[in-house]
Amino acid sequence: MKINVAKSAGFCFGVKRALNIALHTVKYEKNVCMLGDIVHNEDVVKTISEAGIKKIGRLSSGKGKTLLIRAHGASKTTIRKAKNAGYNIIDATCLMVKEIHKIATRKEKQGYKIIVIGDKKHDEVKGITGQLKKRALVIDSLKSIPSVTSLKKYKKAAIVVQSTQNIERVEKIINRLEKHIPNLEFYNTICQPTTCKQQEARNLPLKNEVMIIIGSKTSANTKRLYEISKSLNKKTHWIQSQKDLKKVWFLRVNSVGITAGASTPDKTTKEVVERIKSFSI
Ligand code: SF4
């Protein structure tokens, strides 16, 4: 059985950088904490917690504490509140996310209505809208596009996209919006690692009999890889680790394609490969 692992499988540079910053910071600072999990992956969260970084649900007194801003970024209000509460801030926001912040703030200053295509509840989207003075319009699906009358109120608008969105879905939304907003600018802020991952998730399912997608069930970017792959190859399975593999999936199978979300450690992918190999012995 041939096993083909996507070149782009696993950590993106933004997650690697955030992890490195976190593990470096905890060596030199006491009382390091972050608002929420560093990434949507249970193994990585465990590593961070064992290193001594505490996950907090909300800000309290920050005296003598360091707050790590995760790769997703944070709103201006969160940073201001944290500083006022006395936290020392270490910013591990991914540079690609920072770029989205810059575009959105610049276009808002130029008088554009900001439209964010992304998951309303995702911290990255909250971080983007949280850079702005006015309320942004967040669209997460065709269904959530406002009425034509509401759209016609916007004479000029600029669209930015959550870094891990699926471009095909985004294009469908833009096609609808451009019919009603006369001056609409689109900034494709889907990051390079996401683009590569999604391209491979479109190619591998056509060239392999079975597809395995590795990542936490809470990871939005893994979910997108799964959806793309499943739409092209019905024998696509989404697993969190080698423990979820079933031997029966590989019976009389000659080729298996594997990819993994941006928050899946290489170790997890290697373990999956080894387990699949053991099935063919
Ligand atoms: S998915 Fe893209 S934007 Fe998000 S952390 Fe990774 S590189 Fe940065």
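Is His237 buried or exposed at 18% relative accessibility? His237 counts as buried, where buried means under 20% relative accessible area, exposed over 50% and partly exposed in between, with a 1.4 Å probe and protein chains only. The structure is a predicted model, in which local features need pLDDT of at least 70, side-chain atom pairs count only at pLDDT 80 or more, and totals for chains, interfaces and linings use all residues. Residues are numbered from 1 along each chain as its sequence is written, and side-chain values use heavy atoms, with hydrogens and water left out.

**View 1. His237 in strand β11.** Strand β11 covers residues 236–239 and contains His237; helices (H or I, at least four residues) and strands (E, at least two) are DSSP runs numbered from the N terminus. Not counting residues up to four places away in sequence, His237 touches Val210, Met211, Ile212, Ile213, Tyr226 and Trp249. Contact here means heavy atoms within 4.5 Å.

**View 2. The largest nonpolar core.** A nonpolar core is a set of buried Ala, Val, Leu, Ile, Met, Phe, Trp, Tyr and Cys residues joined through side-chain atoms within 4.5 Å. The largest has 23 residues, of which Ile212, Leu245, Phe250, Ile258, Val272 and Ile276 touch the most other members. At least two residues of this core come from each of α8 (192–207), β10 (210–214), α9 (220–232), β12 (255–260) and α10 (266–279). The largest share, five residues, is supplied by β10.

**View 3. Val272 and its contacts.** Leaving out residues up to four places away in sequence, Val272 touches Ile212, Ile214, Ile239, Ser241, Gln242, Leu245 and Ile258.

**View 4. The shell around the ligand.** Cys12, Gly14, Cys94, Met96, Val97, Ser163, Thr164, Cys191, Pro193 and Thr194 surround the ligand, each with a heavy atom within 4 Å of it. Helices α4 (95–109) and α8 each supply at least two residues of this shell. By class, the shell has six nonpolar, four polar and no charged residues; Ala, Val, Leu, Ile, Met, Phe, Trp, Tyr, Cys and Pro count as nonpolar, Asp, Glu, Lys and Arg as charged, and the others, Gly among them, as polar.

**View 5. Thr129 in helix α5.** Helix α5 covers residues 123–129 and includes Thr129. Thr129 is partly exposed, with a relative accessible area of 23%. Beyond its neighbours within four places in sequence, Thr129 is in contact with Val116, Ala136 and Val138. Ser75 is 54 residues from Thr129 along the chain, and their C-alpha atoms are separated by 7.3 Å.
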